[in-house]
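Welcome! Take a moment to turn the model around and look at it from a few sides, and then let us walk through it together.

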Amino acid sequence: MAIILICSDKRNSEKIRYKNRNKHLEYLKKFESSLLLAGPILSQEGMPIGSLIVLDFNENELANDFIKNDPYNLAGL
């Protein structure tokens with residue numbers, strides 16, 4: 001089942017995003033077999049303001065665990 005995650009960054013959190021980007025990308029690699037799509041949501045000015053992630057998980061609990069442990073979430077983005 002495809003689960004769509006739409007994540008919005010907190011205001012003025014660009015530094016948090018860029019500081020944790022590599023950790024976030026490495027985290028996504030752990031889910032490569034379930035990852036259908038991932039990318040930033042951009043403002044009209046082209047700045048990242050969130051993320052869109054689509055995962056093929058058979059349980060909502062897996063998605064909840066994914067979100068809870070994502071480095072962006074852990075960093076407070």
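This is a predicted model: local features need pLDDT of at least 70, side-chain atom pairs count only at pLDDT 80 or more; totals for chains, interfaces and linings use all residues.

Helix 1 is built from 16 residues and spans 22 Å from its first C-alpha to its last, close to the 22 Å expected at 1.5 Å a residue.

Which residues of helix 1 are buried? They are Arg17, Asn20, His24, Tyr27 and Leu28. An α-helix has 3.6 residues a turn, so residues three or four places apart point the same way. The partners of the buried residues of helix 1 are strand 2 (35-42), strand 3, helix 2 and helix 3 (71-74), against which they pack. Leu25 also belongs to helix 1, but Leu25 counts as partly exposed because its relative accessibility is 30%. Between Leu25 and Leu35 there are 12 Å in space, C-alpha to C-alpha, and the two are 10 residues apart in sequence.

Strands of a sheet pair through backbone hydrogen bonds, either parallel or antiparallel.

How many bridges join strand 2 to strand 3? There are seven, and the two strands run antiparallel. To see the pairing residue by residue, find Gly39, which stands opposite Leu52 in strand 3, and then Pro40, which stands opposite Ser51 in strand 3. Strand 2 and strand 3 form a hairpin with five residues between the strands, and in this hairpin Gly46 takes a positive phi near 90 degrees.

What residues make up the largest nonpolar core? This core has nine residues: Ile3, Leu5, Tyr27, Leu28, Ile53, Leu55, Phe57, Ala63 and Phe66. Two or more residues each come from strand 1 (2-8), helix 1 (14-29), strand 3 (48-56) and helix 2 (60-69). Leaving aside residues up to four places away in sequence, Ala63 touches Ile3 and Phe57. In soluble globular proteins, nonpolar side chains tend to be buried together.

Finally, visit the loop between helix 1 and strand 2, which holds Lys30 and also Ser34. Is Lys30 buried or exposed? Lys30 is exposed, because its relative accessible area is 66%, and the cut-off for exposed is over 50%. Lys30 and Phe66 are 36 residues apart in sequence, yet 10 Å apart in space, C-alpha to C-alpha. Ser34, on the other hand, counts as buried because its relative accessibility is 15%, and buried means under 20%. Setting aside residues up to four places away in sequence, Ser34 touches Val54, Leu55, Asp56 and Phe57.

Conventions. Residues are numbered from 1 along each chain as its sequence is written. Side-chain values use heavy atoms; hydrogens and water are left out. A nonpolar core is a set of buried Ala, Val, Leu, Ile, Met, Phe, Trp, Tyr and Cys residues joined through side-chain atoms within 4.5 Å. Buried means under 20% relative accessible area, exposed over 50%, partly exposed in between (1.4 Å probe, protein chains only). Helices (H or I, at least four residues) and strands (E, at least two) are DSSP runs, numbered from the N terminus. Contact means heavy atoms within 4.5 Å. The expected span of a helix is 1.5 Å times one less than its number of residues. Two strands pair if DSSP finds at least two bridges between them.
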